[in-house]
Amino acid sequence: MLQGLKPSFCWRYNVATEAANYKDYLRDGLWPVGSENANFVKMEWFARWMWLGGLSVKMRLEKDSLGQLEVPGDAYFGIQTQRAIDNYPVSGIRANPLLIRAIGMVKKAAAITNRELHALDSDRAKAIVGAANEVIAGKWNDQFVVDVYQAGAGVSFHMNANEVIANRAIELLGGKRGDYRLCHPNDHVNCSQSTNDVFPTAMRLAAIFLFDQALNSLKDLEKSFSRKAKSFDLVLKSGRTHLMDAAPILLGQEFAAYATAMRRCGVLLAQAQELLREVGLGGSAVGTGVNTHPRFQRLVVEHLSSISGANLRPTDDLRYAMQSNLAMSVASSALRNLALELIRVSNDLRLLSSGPNTGLAEIELPALQPGSSIMPGKINPVMAELTAMVGFQVFGADAATAMAVQAGQLELNVMMPAMAWNVLHAGEILKNTMRLLATKCVDGIVANEERCRHYANATISIAAALNPYIGYAAATEIAKESIRTSRSVTEIALERNLLDEAALRKILDPERMTAPTVPLGTVARKKKVRKSNAKKRA
């Protein structure tokens, strides 16, 4: 059962108060709720229990301003991370890998800048850059163990990064983990920096990366809708407003509108990215640049922009960048608005595919799984349902982000971990859902052309085409009779001899109503006017 289990999973917890609980969890088959990786959690808790039950794990003793604490000997994190593990066993959810990658880039940029400004010696700077490169590559993701629900401002996550990079740099310098004389998490890895400018910068950079991925998924979904719009370009159907019969429309027009909605959402995401590119790195503790070289801000952002390829720019007001998280609010709102559009469109897909015998059944969605444990043959619109539920979650994440963004006080908003988790989580699940919706749903949609055309001819709202010729009131009487007798509008209009048959059939052609057209009478009058004007000129 322990095969492949990394010893670093055996982090120390409060033994006296929790040891008994671990055995109960294993005995009863209960695991912590909220983790995105159930197997990981099971193995982690099993390892803790086994360690508490007597398996020996080599520890090392570390010291900070609060005292001494044991840390697993093979861990790259240190005492402050261990304190966070002990203090915040909340969800079992770890930082998004993009946030880990982003903070690795920040640390690399800072080390290069500090070396150029002679704030760090060349050997230490080189080791820190080497360790940061490994963090950027994801090599040490398993060492970033702080829960996403943690102390304010992201201090715990930031120190997790400082300690991992410091201990790996120590090894690169020929030392052993924990020998902070060679490379110290605060004095060297964190030189010229503070959590208060590092975490918001990493948070914004991670969001930029995730938005790039989300935009790619959104583009794929837009293309899927566009392809279906072309495929359904000749499929005539009834429109519906208030869920009631409306004027005819082409199925392709509906799907083209869905594609347009995706493009508009893409514009909002790209605009949000532009705000995220303004970073306050170099502001240090309160936005004054304390303990930094006068050239540090400009140089470190230049290096970070080059390392990340994210086209970052230094803020022109470090106090603003420290106090305000407007960019995260805008980013979250863009994701929320995308989610709202996706919910709307997925609801349309569910309605249009409802049936097969007692619903609209104008389209058929791909069958992905049996839809009922009791009703044979039932197939549900599962991808559309999934999309709606993910959208609800994104809406909740946006509400949490909004509360966090408004909670700033004076020189700092300490609620940044909540913003980072919710924006990145929302972007992640939207990115994945859009890809699934495109490939497992939209690409496989088939139109029921016969059903669509039946509804196009049956809708009472084709009577609206008669308004320019017989007036709204007379057209209303025809529509009411159609409802009362279940006869078609065309049949009743012909019976009343209001217009000649050829003109009437042309006016009431549903396909003619799917685009702007000049009323037939107006065309005739224009011809008469042109003939009259021609006679006058002659």
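1. Basis. This is a predicted model, in which local features need pLDDT of at least 70, side-chain atom pairs count only at pLDDT 80 or more, and totals for chains, interfaces and linings use all residues. Residues are numbered from 1 along each chain as its sequence is written, and side-chain values use heavy atoms, with hydrogens and water left out.

2. Cavities. The whole structure holds 4 cavities of 30 Å³ or more. A cavity here is a set of points, on a 1 Å grid over the protein atoms alone, where a 1.4 Å probe fits but cannot get out; lining residues have an atom within 4 Å of a point. Grid points are joined across faces, edges and corners, and a volume is the space filled by probe spheres set on the points.

3. The largest cavity. Its volume is about 130 Å³. The lining has 13 residues, and Arg204, Glu278, Tyr320, Ala321 and Ala327 are the closest to the centre. At least two lining residues come from each of α8 (195-231), β5 (278-279), α11 (318-323) and α12 (326-352). Helices (H or I, at least four residues) and strands (E, at least two) are DSSP runs, numbered from the N terminus. α8 gives the most to this lining, with 3 residues. By class, the lining of the largest cavity splits into 7 nonpolar, 4 polar and 2 charged residues. Ala, Val, Leu, Ile, Met, Phe, Trp, Tyr, Cys and Pro count as nonpolar; Asp, Glu, Lys and Arg count as charged; the others, Gly among them, count as polar.

4. The second largest cavity. The volume is about 100 Å³. Its lining has 10 nonpolar and 2 polar residues, and no charged ones. Helix α14 (residues 416-440) gives the most, with 4 residues. Among the lining residues are Pro417, Ala420, Trp421 and Leu424. Others in the lining include Asn96, Gln150, Phe157 and Phe199.

5. The β1-β2 hairpin. Strands β1 (residues 59-64) and β2 (residues 67-72) pair in the antiparallel sense over 6 bridges. Two strands pair if DSSP finds at least two bridges between them. The hairpin leaves 2 residues between its strands. Methionine 59 stands opposite proline 72 of β2. Lysine 63 has glutamine 68 in β2 as its bridge partner.

6. Most residues other than glycine have a negative phi, and most peptide bonds are trans. Glycine 355 and proline 356 are joined by a cis peptide bond, with omega about 10°. Proline 356 sits in the loop between α12 and β7 (363-364). Leucine 243 has a positive phi, near 65°. Its loop runs between β3 (236-241) and β4 (244-250). Leucine 243 is exposed, with a relative accessible area of 65%. The cut-offs are under 20% relative accessible area for buried, over 50% for exposed, and partly exposed in between (1.4 Å probe, protein chains only). Leucine 410 also has a positive phi, near 55°. Leucine 410 lies in the loop between α13 (382-405) and α14. At 73% relative accessibility, leucine 410 counts as exposed.

7. Packing of α9 on α12. Helix α9 (residues 251-276) packs against α12 at an angle of about 170°, with the axes 8 Å apart. Axes are lines fitted to C-alpha atoms, for helices over the stretch in contact, and angles run from 0 to 180 degrees between N-to-C directions. α9 and α12 are therefore roughly antiparallel to each other. Angles under 35 degrees count as roughly parallel, over 145 as roughly antiparallel, 65 to 115 as roughly perpendicular and the rest as oblique. The contact of α9 with α12 has 21 nonpolar, 1 polar and 4 charged residues.

8. Leucine 338 lies in helix α12. At 0% relative accessibility, leucine 338 is buried. Leucine 338 and cysteine 265 are 73 residues apart in sequence, yet 5.5 Å apart in space, C-alpha to C-alpha.

9. An exposed glycine. Glycine 309 is in the loop between α10 (296-308) and β6 (313-314). Its relative accessible area is 65%, so glycine 309 counts as exposed. Glycine 309 and phenylalanine 209 lie 100 residues apart in sequence and 9.7 Å apart in space, C-alpha to C-alpha.

Notes:
1 Å grid on protein atoms, 1.4 Å probe; cavity = no way out; pocket = protein on both sides within 12 Å on 5 of 7 lines; lining within 4 Å.
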